[in-house]
Amino acid sequence: MTIVPFGPVQSGTYTGSIIRGPVERINTNKNIKEIANVFVAWIGTHLPTKFTKSIVANYFFNKMTGWDFKPTYTSEWISRASYTYNHNYWQYFATIVRHSDSDVDNPTDVAYYSLYTEKK
């Protein structure tokens with residue numbers, strides 16, 4: 001697991017609470033597959049050794065032999081804690097966790113970002 005802090009967040013000192021979420025998502029990556037299919041179809045007509053001269057034929061050939069983008073599983077939430085430098089303020093964070101599968105017990109990557117501060 002990789003923790004990537006941004007902003008004035010000190011690793012290991014967080015004592016905040018979740019105020020929104022968590023939300024679990026399954027991202028199918030269908031759009032990325034289609035973009036890859038169109039790109040390969042177009043590039044296939046511009047190579048010195050072309051697949052075919054038709055972008056449409058290349059598109060369907062690539063779609064059938066295709067790219068396999070597996071779904072990604074994430075969970076997100078918003079939390080807040082006392083601001084590290086002035087305890088009269090709240091500091092808000094966004095946390096995004098990637099999971100290895102739909103069972104959200106196995107995080108593979110964690111990123112959290114400092115969003116903003118607000119007077120208590």
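The following exercises, each with a worked solution, concern a predicted model.

**Exercise 1.** Determine where T74 is found, whether T74 is buried or exposed, and which residues T74 touches.

*Solution.* 
1. Residues 72-82 form strand β3, and T74 is found in this strand.
2. The relative accessible area of T74 is 8%. Buried means under 20%, so T74 is buried.
3. Leaving aside residues up to four places away in sequence, T74 touches V23, E24, R25, N27, V97, R98 and H99.
4. The side chain of T74 also has a polar contact of 2.9 Å with the side chain of E76.

**Exercise 2.** Identify the residues that make the nonpolar surface patch, and name the strand that gives the most to the patch.

*Solution.* 
1. I96, Y113, L115 and Y116 make a nonpolar surface patch of about 350 Å².
2. Strand β5, which covers residues 107-119, gives the most to this patch, with 3 residues.
3. One of the patch residues, Y113, has its place in strand β5.
4. The relative accessibility of Y113 is 31%.

**Exercise 3.** Locate N86, classify its accessibility, and state how far N86 is from K119 in sequence and in space.

*Solution.* 
1. N86 lies in the loop between β3 and β4, the latter being residues 89-99.
2. With a relative accessibility of 29%, N86 counts as partly exposed.
3. In sequence, N86 and K119 are 33 residues apart. In space, the separation of N86 and K119 is 9.6 Å, taken C-alpha to C-alpha.

Note on methods: Residues are numbered from 1 along each chain as its sequence is written. This is a predicted model: local features need pLDDT of at least 70, side-chain atom pairs count only at pLDDT 80 or more; totals for chains, interfaces and linings use all residues. Side-chain values use heavy atoms; hydrogens and water are left out. Helices (H or I, at least four residues) and strands (E, at least two) are DSSP runs, numbered from the N terminus. Buried means under 20% relative accessible area, exposed over 50%, partly exposed in between (1.4 Å probe, protein chains only). A polar contact is a pair of N or O atoms within 3.5 Å; within protein, one must be able to donate a hydrogen and the other to accept it, and residues adjacent in sequence count only if both atoms are side-chain atoms. Contact means heavy atoms within 4.5 Å. Patches are made of residues with over 30% relative accessible area and no salt bridge: like charges are joined within 9 Å, nonpolar side chains (Val, Leu, Ile, Met, Phe, Trp, Tyr) within 5 Å. Accessible areas come from the Shrake-Rupley method with a 1.4 Å probe; for residues, only the protein chains shown count as cover. A salt bridge is a side-chain nitrogen of Lys or Arg within 4 Å of a carboxyl oxygen of Asp or Glu.
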